[in-house]
Amino acid sequence: MRQRLAVGNWKMFGSLPENQALLDTVAAAMAGLRKTICVVCVPFPYLAQTQAALAGSKVAWGAQNVSQHPKGAFTGEVSAGMLREFGCRYVIVGHSERRQWFGEDDRTVALKAKAVLTAGMVPIICVGETLSERESGVTEKVVGRQIAAALDELGSEILKGAVLAYEPVWAIGTGRTASPEQAQAVHASIRGLLAKRDGSLGDLAPILYGGSVKAANAAELFAMPDVDGGLIGGASLVAQEFISICRAADQTSGRDG
Ligand code: 13P
(Lines give C-alpha, C1' and ligand atoms only; values in the text may rest on other atoms or scores of the structure.)
Protein backbone atom coordinates (compact mmCIF):
# COMPACT_ATOMS: atom_id res chain seq x y z
CA MET A 1 0.00 0.00 0.00
CA ARG A 2 1.27 3.46 -0.84
CA GLN A 3 1.79 5.90 2.00
CA ARG A 4 -0.67 8.78 2.10
CA LEU A 5 0.61 12.17 3.28
CA ALA A 6 -0.67 15.67 3.89
CA VAL A 7 2.25 18.10 4.10
CA GLY A 8 1.99 21.73 5.09
CA ASN A 9 4.56 24.07 3.56
CA TRP A 10 4.50 27.20 5.69
CA LYS A 11 6.87 29.02 3.29
CA MET A 12 8.22 32.25 4.88
CA PHE A 13 5.31 32.79 7.23
CA GLY A 14 4.87 32.50 10.98
CA SER A 15 5.82 33.99 14.31
CA LEU A 16 6.46 32.31 17.65
CA PRO A 17 2.99 32.97 19.12
CA GLU A 18 1.09 32.20 15.90
CA ASN A 19 3.04 28.99 15.38
CA GLN A 20 2.37 27.79 18.90
CA ALA A 21 -1.39 28.12 18.52
CA LEU A 22 -1.34 26.47 15.09
CA LEU A 23 0.90 23.57 16.14
CA ASP A 24 -1.07 22.89 19.33
CA THR A 25 -4.40 22.85 17.48
CA VAL A 26 -3.13 20.66 14.65
CA ALA A 27 -1.39 18.20 16.99
CA ALA A 28 -4.56 17.78 19.08
CA ALA A 29 -6.76 17.22 16.02
CA MET A 30 -4.52 14.66 14.32
CA ALA A 31 -4.60 12.03 17.03
CA GLY A 32 -7.24 10.07 15.10
CA LEU A 33 -5.48 9.78 11.72
CA ARG A 34 -5.48 6.17 10.53
CA LYS A 35 -3.31 5.90 7.45
CA THR A 36 -2.10 9.39 6.61
CA ILE A 37 1.09 11.01 7.82
CA CYS A 38 0.54 14.68 8.59
CA VAL A 39 3.69 16.83 8.26
CA VAL A 40 4.51 20.52 8.72
CA CYS A 41 7.55 21.99 6.98
CA VAL A 42 8.48 25.17 8.82
CA PRO A 43 11.10 27.92 8.44
CA PHE A 44 14.49 26.94 9.93
CA PRO A 45 14.32 29.22 13.00
CA TYR A 46 11.07 27.58 14.11
CA LEU A 47 12.35 23.98 14.08
CA ALA A 48 13.15 23.93 17.80
CA GLN A 49 9.71 25.30 18.66
CA THR A 50 8.06 22.82 16.31
CA GLN A 51 10.03 19.90 17.73
CA ALA A 52 8.99 20.82 21.26
CA ALA A 53 5.34 21.35 20.30
CA LEU A 54 4.94 18.16 18.26
CA ALA A 55 7.09 15.68 20.19
CA GLY A 56 4.93 12.70 21.09
CA SER A 57 2.15 13.74 18.68
CA LYS A 58 1.16 12.09 15.40
CA VAL A 59 2.38 15.08 13.41
CA ALA A 60 5.83 14.93 11.83
CA TRP A 61 7.87 17.99 10.89
CA GLY A 62 10.51 19.04 8.45
CA ALA A 63 12.22 21.84 6.54
CA GLN A 64 11.68 23.55 3.19
CA ASN A 65 15.24 23.52 1.87
CA VAL A 66 18.70 22.12 2.63
CA SER A 67 22.26 22.43 1.43
CA GLN A 68 23.56 19.74 -0.88
CA HIS A 69 26.85 19.85 1.08
CA PRO A 70 27.36 17.97 4.36
CA LYS A 71 29.41 20.79 5.96
CA GLY A 72 31.88 23.53 5.09
CA ALA A 73 32.34 27.22 4.45
CA PHE A 74 28.92 27.85 2.93
CA THR A 75 27.65 30.97 4.66
CA GLY A 76 23.93 30.97 5.25
CA GLU A 77 23.40 27.33 4.35
CA VAL A 78 21.90 24.59 6.54
CA SER A 79 22.98 20.95 6.28
CA ALA A 80 20.83 17.83 6.35
CA GLY A 81 22.65 16.66 9.49
CA MET A 82 21.63 19.86 11.29
CA LEU A 83 17.99 19.32 10.33
CA ARG A 84 18.18 15.76 11.61
CA GLU A 85 19.32 17.07 15.00
CA PHE A 86 16.00 18.89 15.29
CA GLY A 87 14.00 15.72 14.65
CA CYS A 88 13.11 16.53 11.03
CA ARG A 89 11.82 13.56 9.06
CA TYR A 90 11.00 15.34 5.79
CA VAL A 91 12.66 18.04 3.69
CA ILE A 92 11.08 19.72 0.68
CA VAL A 93 13.57 20.05 -2.19
CA GLY A 94 13.22 21.71 -5.58
CA HIS A 95 10.11 23.71 -4.80
CA SER A 96 9.30 25.86 -7.84
CA GLU A 97 9.92 28.99 -5.73
CA ARG A 98 13.49 27.75 -5.15
CA ARG A 99 13.92 26.92 -8.82
CA GLN A 100 12.44 30.26 -9.94
CA TRP A 101 13.90 32.73 -7.40
CA PHE A 102 17.07 30.99 -6.25
CA GLY A 103 18.26 29.42 -9.48
CA GLU A 104 18.09 25.78 -8.41
CA ASP A 105 18.41 23.47 -11.38
CA ASP A 106 17.47 19.80 -11.76
CA ARG A 107 20.93 18.59 -10.77
CA THR A 108 21.13 20.74 -7.64
CA VAL A 109 17.70 19.49 -6.63
CA ALA A 110 18.82 15.87 -7.12
CA LEU A 111 21.96 16.50 -5.02
CA LYS A 112 19.86 18.04 -2.26
CA ALA A 113 17.55 15.02 -2.31
CA LYS A 114 20.61 12.79 -2.02
CA ALA A 115 21.89 14.78 0.99
CA VAL A 116 18.50 14.36 2.70
CA LEU A 117 18.40 10.61 2.05
CA THR A 118 21.99 10.18 3.20
CA ALA A 119 21.10 11.84 6.50
CA GLY A 120 18.23 9.38 7.00
CA MET A 121 15.33 11.68 6.15
CA VAL A 122 12.75 11.73 3.35
CA PRO A 123 13.06 14.30 0.56
CA ILE A 124 9.84 15.63 -0.92
CA ILE A 125 11.00 16.31 -4.48
CA CYS A 126 8.86 18.91 -6.26
CA VAL A 127 8.27 19.02 -9.99
CA GLY A 128 5.87 20.99 -12.15
CA GLU A 129 5.39 23.07 -15.27
CA THR A 130 4.81 26.80 -15.73
CA LEU A 131 1.67 28.18 -17.33
CA SER A 132 3.42 28.83 -20.64
CA GLU A 133 4.80 25.29 -20.66
CA ARG A 134 1.31 23.89 -20.06
CA GLU A 135 -0.15 26.09 -22.76
CA SER A 136 2.48 24.97 -25.25
CA GLY A 137 1.70 21.32 -24.51
CA VAL A 138 5.02 20.34 -22.97
CA THR A 139 3.86 19.55 -19.42
CA GLU A 140 4.81 15.88 -19.54
CA LYS A 141 8.13 16.64 -21.19
CA VAL A 142 9.10 19.20 -18.51
CA VAL A 143 7.99 17.02 -15.62
CA GLY A 144 9.65 14.02 -17.27
CA ARG A 145 12.96 15.91 -17.45
CA GLN A 146 12.74 16.86 -13.78
CA ILE A 147 11.97 13.28 -12.74
CA ALA A 148 14.70 11.84 -14.97
CA ALA A 149 17.27 14.15 -13.34
CA ALA A 150 16.39 12.70 -9.93
CA LEU A 151 16.42 9.14 -11.25
CA ASP A 152 19.77 9.61 -12.99
CA GLU A 153 21.45 11.11 -9.94
CA LEU A 154 19.92 8.90 -7.27
CA GLY A 155 19.03 5.64 -8.99
CA SER A 156 15.68 3.97 -8.61
CA GLU A 157 16.58 2.00 -5.48
CA ILE A 158 17.44 5.14 -3.48
CA LEU A 159 14.45 6.99 -4.83
CA LYS A 160 12.26 4.44 -3.06
CA GLY A 161 12.96 6.47 0.10
CA ALA A 162 11.59 9.68 -1.44
CA VAL A 163 8.21 11.35 -1.89
CA LEU A 164 7.39 13.22 -5.10
CA ALA A 165 5.15 16.26 -5.36
CA TYR A 166 3.55 17.50 -8.56
CA GLU A 167 2.97 21.24 -8.22
CA PRO A 168 1.93 23.03 -11.40
CA VAL A 169 3.50 26.49 -11.03
CA TRP A 170 0.36 28.17 -12.37
CA ALA A 171 -1.67 26.68 -9.51
CA ILE A 172 0.60 27.77 -6.65
CA GLY A 173 -0.85 30.59 -4.58
CA THR A 174 -3.16 31.58 -7.43
CA GLY A 175 -6.41 30.01 -6.25
CA ARG A 176 -6.41 28.21 -9.59
CA THR A 177 -6.28 24.50 -8.77
CA ALA A 178 -5.57 21.80 -11.32
CA SER A 179 -8.74 19.80 -11.86
CA PRO A 180 -8.67 16.31 -10.38
CA GLU A 181 -8.42 14.96 -13.95
CA GLN A 182 -5.49 17.26 -14.82
CA ALA A 183 -3.66 16.22 -11.65
CA GLN A 184 -4.40 12.54 -12.22
CA ALA A 185 -3.10 12.69 -15.80
CA VAL A 186 0.29 14.09 -14.75
CA HIS A 187 0.55 11.80 -11.73
CA ALA A 188 -0.13 8.79 -13.96
CA SER A 189 2.54 9.93 -16.41
CA ILE A 190 5.07 10.35 -13.56
CA ARG A 191 4.19 6.89 -12.29
CA GLY A 192 4.69 5.52 -15.80
CA LEU A 193 8.16 7.07 -16.00
CA LEU A 194 9.13 5.63 -12.63
CA ALA A 195 7.75 2.20 -13.55
CA LYS A 196 9.76 2.18 -16.77
CA ARG A 197 12.96 2.31 -14.68
CA ASP A 198 11.73 0.09 -11.87
CA GLY A 199 8.29 -1.50 -11.55
CA SER A 200 8.13 -1.44 -7.78
CA LEU A 201 9.18 2.22 -7.65
CA GLY A 202 6.27 3.06 -9.95
CA ASP A 203 3.95 1.18 -7.64
CA LEU A 204 5.26 2.44 -4.31
CA ALA A 205 6.33 6.08 -4.75
CA PRO A 206 3.89 8.45 -3.06
CA ILE A 207 3.05 11.33 -5.41
CA LEU A 208 1.44 14.37 -3.78
CA TYR A 209 -0.46 17.13 -5.53
CA GLY A 210 0.21 20.77 -4.61
CA GLY A 211 -1.27 24.04 -5.82
CA SER A 212 -4.20 25.85 -4.18
CA VAL A 213 -5.37 22.78 -2.24
CA LYS A 214 -8.09 23.80 0.23
CA ALA A 215 -10.59 22.03 2.45
CA ALA A 216 -13.17 22.57 -0.29
CA ASN A 217 -11.27 20.75 -3.06
CA ALA A 218 -9.00 18.32 -1.21
CA ALA A 219 -11.29 15.29 -1.17
CA GLU A 220 -11.91 15.26 -4.93
CA LEU A 221 -8.18 15.63 -5.68
CA PHE A 222 -7.13 12.98 -3.15
CA ALA A 223 -9.73 10.52 -4.47
CA MET A 224 -7.81 10.23 -7.77
CA PRO A 225 -6.08 6.85 -8.04
CA ASP A 226 -2.54 8.22 -8.47
CA VAL A 227 -2.82 11.13 -6.02
CA ASP A 228 -1.52 10.04 -2.63
CA GLY A 229 -2.13 13.25 -0.71
CA GLY A 230 -1.17 16.90 -0.89
CA LEU A 231 1.50 19.55 -0.41
CA ILE A 232 -0.35 22.53 0.99
CA GLY A 233 0.81 26.14 1.13
CA GLY A 234 -1.55 28.91 2.23
CA ALA A 235 -4.22 26.62 3.65
CA SER A 236 -1.69 24.94 5.97
CA LEU A 237 -1.44 28.20 7.95
CA VAL A 238 -5.12 28.07 8.88
CA ALA A 239 -5.62 25.36 11.48
CA GLN A 240 -9.16 24.29 10.57
CA GLU A 241 -8.38 24.27 6.83
CA PHE A 242 -5.28 22.16 7.30
CA ILE A 243 -7.03 19.77 9.68
CA SER A 244 -9.85 19.25 7.16
CA ILE A 245 -7.34 18.64 4.38
CA CYS A 246 -5.45 16.06 6.45
CA ARG A 247 -8.73 14.32 7.24
CA ALA A 248 -9.67 14.35 3.57
CA ALA A 249 -6.39 12.57 2.76
CA ASP A 250 -7.14 10.04 5.46
CA GLN A 251 -10.72 9.41 4.43
CA THR A 252 -10.41 9.26 0.65
CA SER A 253 -9.35 5.99 -0.78
CA GLY A 254 -6.93 6.87 -3.60
CA ARG A 255 -5.70 3.63 -5.11
CA ASP A 256 -5.72 1.22 -2.22
CA GLY A 257 -8.90 1.88 -0.32
P1 13P B 1 -0.61 27.05 -2.19
O2 13P B 1 -1.32 25.88 -1.54
O3 13P B 1 -0.61 28.28 -1.37
O4 13P B 1 -1.09 27.24 -3.60
O5 13P B 1 0.93 26.62 -2.31
C6 13P B 1 1.24 25.39 -2.83
C7 13P B 1 2.67 25.13 -2.57
O8 13P B 1 3.54 25.76 -3.14
C9 13P B 1 3.02 24.09 -1.58
O10 13P B 1 4.37 23.77 -1.63
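So, the shell around the ligand: by class, there are three nonpolar, seven polar and two charged residues. For the classes, Ala, Val, Leu, Ile, Met, Phe, Trp, Tyr, Cys and Pro go down as nonpolar, Asp, Glu, Lys and Arg as charged, and the others, Gly among them, as polar. Bear in mind that this is a predicted model, where local features need pLDDT of at least 70 and side-chain atom pairs count only at pLDDT 80 or more, while totals for chains, interfaces and linings use all residues. Residues are numbered from 1 along each chain as its sequence is written, and side-chain values use heavy atoms, with hydrogens and water left out.

Who is in that shell? Among the residues surrounding the ligand are Asn-9, Lys-11, His-95, Glu-167, Ser-212 and Leu-231.

Asn-9 brings a side-chain N or O atom to 3.0 Å from a ligand oxygen. Lys-11 has a polar side-chain atom 2.8 Å from an oxygen of the ligand. With Ser-212 it's a backbone N or O atom, at 2.8 Å from a ligand oxygen. On its own the ligand has 310 Å² of accessible area, and the protein covers 94% of that; areas are Shrake-Rupley with a 1.4 Å probe, and for residues only the protein chains shown count as cover.

Lys-11 is in the loop between strand E1 (4–9) and helix H1 (16–29), where helices (H or I, at least four residues) and strands (E, at least two) are DSSP runs numbered from the N terminus. Lys-11 counts as buried because its relative accessibility is 18%; buried is under 20%, exposed over 50%, and partly exposed in between, with a 1.4 Å probe and protein chains only. Ser-212 lies in the loop between strand E7 (207–210) and helix H11 (215–222), and at 14% relative accessibility Ser-212 is buried.

What about phi? Most residues other than glycine have a negative phi. Lys-11, though, has a positive phi, near 55°, and for Ser-212 phi is positive and near 55°.

Last stop, Glu-181, in helix H9 (residues 180–197). Buried or exposed? Exposed, because its relative accessibility is 53%. Glu-181 and Glu-220 are 39 residues apart in sequence, with C-alphas 9.7 Å apart in space.

Definitions and conventions. Near = heavy atom within 4 Å. Polar contact = N/O pair within 3.5 Å; in protein donor to acceptor, adjacent residues only side chain to side chain.
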